[in-house]
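Hi,

Here is the structure I promised to pass on.

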Amino acid sequence: DRYLRSVADFRNLQERTKRDIQSARDFAIQKFATDLLESIDNLDRALTTVPASKLAPQSSDPDTPADEKTYSKDLANLYDGLKMTETILMVTLKKHGLERFDPSEGEGQPFNPNLHEATFQTKVEGKEDGQVFMTQQKGFTLNGRVLRAAKVGVVKNS
């Protein structure tokens with residue numbers, strides 16, 4: 001009986017050690033990934049500041065406002081380069097388990113305190129209480145574990 005218990009304890013120790021090693025391997029890049037988040041956010045902000053009207057040639061219609069005629073091939077090329085850089089970066093990070101999520105994409109997700117950090121609440125017509133309607137900062141997960149919760153605005157009509 002003591003022998004069987006010793007063998008069982010040893011096997012349990014082996015399994016626990018194997019799980020601990022796998023966990024350490026999965027989350028070894030956590031600090032590095034956290035340090036990268038601000039750079040990823042800045043790249044995302046840079047991409048969202050360029051209006052779509054500045055990225056494509058506009059018509060030569062004289063009625064078009066002057067600010068919409070400011071198409072710049074250099075700006076469009078810079079934007080395309082940044083977009084490609086972001087795409088490659090996100091694919092590379094996904095290979096290593098780091099994924100970005102945006103709760104405001106798709107139909108209004110319900111607020112989940114495990115994934116979201118509510119920064120404000122406001123009335124929004126046509127939406128139910130507790131739904132996410134705006135994302136201030138996208139969230140990230142590392143191998144299924146929340147690395148940074150998404151900062152969101154939540155509907156509160158009542």
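Of the 158 residues of the protein, 26% count as buried, where buried means under 20% relative accessible area, exposed means over 50% and partly exposed is in between, with a 1.4 Å probe and protein chains only. Do keep in mind that this is a predicted model: local features need pLDDT of at least 70 and side-chain atom pairs count only at pLDDT 80 or more, while totals for chains, interfaces and linings use all residues. Residues are numbered from 1 along each chain as its sequence is written, and side-chain values use heavy atoms, with hydrogens and water left out.

On overall shape, the radius of gyration is 24 Å, against the 15 Å or so that a compact globule of 158 residues would have (taken over C-alpha atoms; the globule rule is 2.2 Å times the number of residues to the power 0.38). Along the principal axes, the C-alpha atoms fill a box of roughly 95 × 45 × 20 Å.

There are 3 helices and 6 strands, called as DSSP runs (H or I of at least four residues for helices, E of at least two for strands) and numbered from the N terminus. Their order along the sequence is α-α-α-β-β-β-β-β-β. Among contacts with a separation of 6 or more, 63% join residues 24 or more positions apart, a contact being heavy atoms within 4.5 Å.

Now the inside. Nonpolar side chains tend to be buried together in soluble globular proteins. A nonpolar core here is a set of buried Ala, Val, Leu, Ile, Met, Phe, Trp, Tyr and Cys residues joined through side-chain atoms within 4.5 Å. The largest one has 11 residues: Phe27, Ala33, Leu36, Leu37, Ile40, Met90, Leu93, Leu98, Phe140, Leu142 and Leu147. Two or more of these come from each of H2, helix H3 (73-95) and strand E4 (139-142), and H2 has the largest share, with 4 residues. A second, separate core of 5 residues includes Phe101, Val132, Val152 and Val154.

What about Asp41? That residue also lies in H2 and is buried, at 9% relative accessible area. With residues up to four places away not counted, Asp41 touches Gln137, Phe140 and Arg148.

Asp41 is also one of the residues that line the largest pocket, along with Asp44, Arg45, Thr48, Asp102, Thr135, Gln136, Gln137 and Lys138. A pocket, on a 1 Å grid over the protein atoms alone, is an open set of points where a 1.4 Å probe fits, with protein on both sides within 12 Å along at least five of seven lines; lining residues have an atom within 4 Å of a point. The volume is about 170 Å³, meaning the space filled by probe spheres set on the points, which are joined across faces, edges and corners. Helix H2 (30-48) and strand E3 (132-137) each give two or more residues to this lining, and H2 gives the most, with 4. By type, the lining has no nonpolar, 4 polar and 5 charged residues (Ala, Val, Leu, Ile, Met, Phe, Trp, Tyr, Cys and Pro are nonpolar, Asp, Glu, Lys and Arg charged, the others, Gly among them, polar).

Asn143 is partly exposed, at 36% relative accessibility.

Cheers
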